Structures are given as C-alpha cells and as structure tokens.
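Look over the sequence and the model first, then read the points below.

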Amino acid sequence: AVLNTQGSPPDQQLNALLHRSQAYLILKQLDLAANDVKEVLGSISATARQRWAALLIRAQIRYGQGDKKACEDLLEITNQEGCDADLRQGAQQLLDQWDSK
C-alpha cells in the first residue's frame, strides 16, 4: 500500500521496497527483486542500514543467479564496522554457508 500511495514518506517507501525484494527473492523472482534493490541503492534518501540491507539482499540475488560478485557484497558488509551487528552477522552466516557448499 505504501508503494501505491502518493506522498508516502521516502523512508517508508524504501523499507517497503526492501520487504518486497525479500518476498520476490523467496519466490525466486530474481529480476523483480533486483529492480527493488537497485532502486534502494540508487536513492539519495536511503539510510546506511537500508543500503546495507539492500546489499545483503543483492548478494542473495547474485548467488541465485550464479554471479561470483555475491560474496563481494557480503564481504563489504562484514568488513564495515559502522554496519549494524545483525546485518554483519547475517552476511557472515551466508558466507560460511556458501563456503561450505
């Protein structure tokens, strides 16, 4: 609803895009998920947390597409001290999971 409402606050729109991209990811609609992530990463009003969350989702999209850059996104997250601990932990868990495969 936020994405379809004119004048919704940008922060709410960006959060809605992140949630929708996660849903698309679960549904294996990777192109649609990538479009939402790209919009968040391209937004000048995105917060640092929203950008890190978008990178985490983009890594999963890239992994699903067989793109070698998936791990680069995760490493960028894990190496940033300013990144929220829960996002850094999630990125590290994915790196560990993917390395074991």
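Predicted model: local features only at pLDDT ≥ 70, side-chain atom pairs only at ≥ 80, totals over all residues.

Where is the place of serine 21? Serine 21 lies in helix H1.

**Serine 21**
- Serine 21 counts as buried because its relative accessibility is 0%, and buried means under 20%.
- Apart from neighbours within four places in sequence, serine 21 is in contact with Ala33, Asp36, Val37 and Ile57.

**Helices H1 and H3**
- The axes of H1 and H3 are 11 Å apart, and the two helices pack at an angle of about 15°.
- H1 is therefore roughly parallel to H3, since angles under 35 degrees count as such.
- The crossing of these two helices, H1 and H3, is left-handed.
- On the H1 side, the contact is made by Asp11, Leu14, Asn15, Leu18, Ser21, Gln22 and Leu25.
- On the H3 side, Gln50, Ala53, Ala54, Ile57, Gln60 and Ile61 take part.
- The residues of the contact of H1 with H3 comprise seven nonpolar, five polar and one charged.

**The largest nonpolar core**
- The largest nonpolar core consists of 27 residues.
- Val40, Leu56, Ile61, Leu74 and Ile77 have the most contacts inside this core.
- At least two residues of this core come from each of helix H1 (10-26), helix H2 (30-41), H3, H4 and H5.
- H3 gives the most, with eight residues.
- Isoleucine 61 is in contact with Leu25, Leu30, Ala33, Ala34 and Val37, leaving aside its neighbours within four places in sequence.

**Helices H4 and H5**
- The axes of H4 and helix H5 (residues 85-99) come within 8 Å and cross at roughly 140°.
- H4 and H5 are therefore oblique to each other.
- Their crossing, that of H4 and H5, is left-handed.
- H4 contributes Ala70, Cys71, Leu74, Leu75, Ile77 and Thr78 to the contact.
- H5 contributes Leu87, Arg88, Ala91, Gln92, Leu94, Leu95 and Trp98.
- The contact of H4 with H5 involves 10 nonpolar residues, two polar and one charged.

**Lysine 69**
- Lysine 69 sits in the loop between helix H3 (48-64) and helix H4 (70-78).
- Its relative accessible area is 43%, so lysine 69 is partly exposed.
- Lysine 69 and valine 40 are 29 residues apart along the chain, and their C-alpha atoms are separated by 19 Å.

Key
Residues numbered from 1 in each chain as written. Heavy atoms only, no water. Helix = DSSP H or I, 4+ residues; strand = E, 2+ residues; numbered from the N terminus. Buried < 20%, exposed > 50% of the residue type's maximum accessible area, 1.4 Å probe, protein only. Axes fitted to C-alpha atoms, helices over the stretch in contact; angles between N-to-C directions. Parallel < 35°, antiparallel > 145°, perpendicular 65-115°, else oblique. Left-handed = near helix turned anticlockwise from the far one by under 90°. Contact = heavy atoms within 4.5 Å. Nonpolar A, V, L, I, M, F, W, Y, C, P; charged D, E, K, R; others polar. Core = buried A, V, L, I, M, F, W, Y, C linked by side-chain atoms within 4.5 Å.
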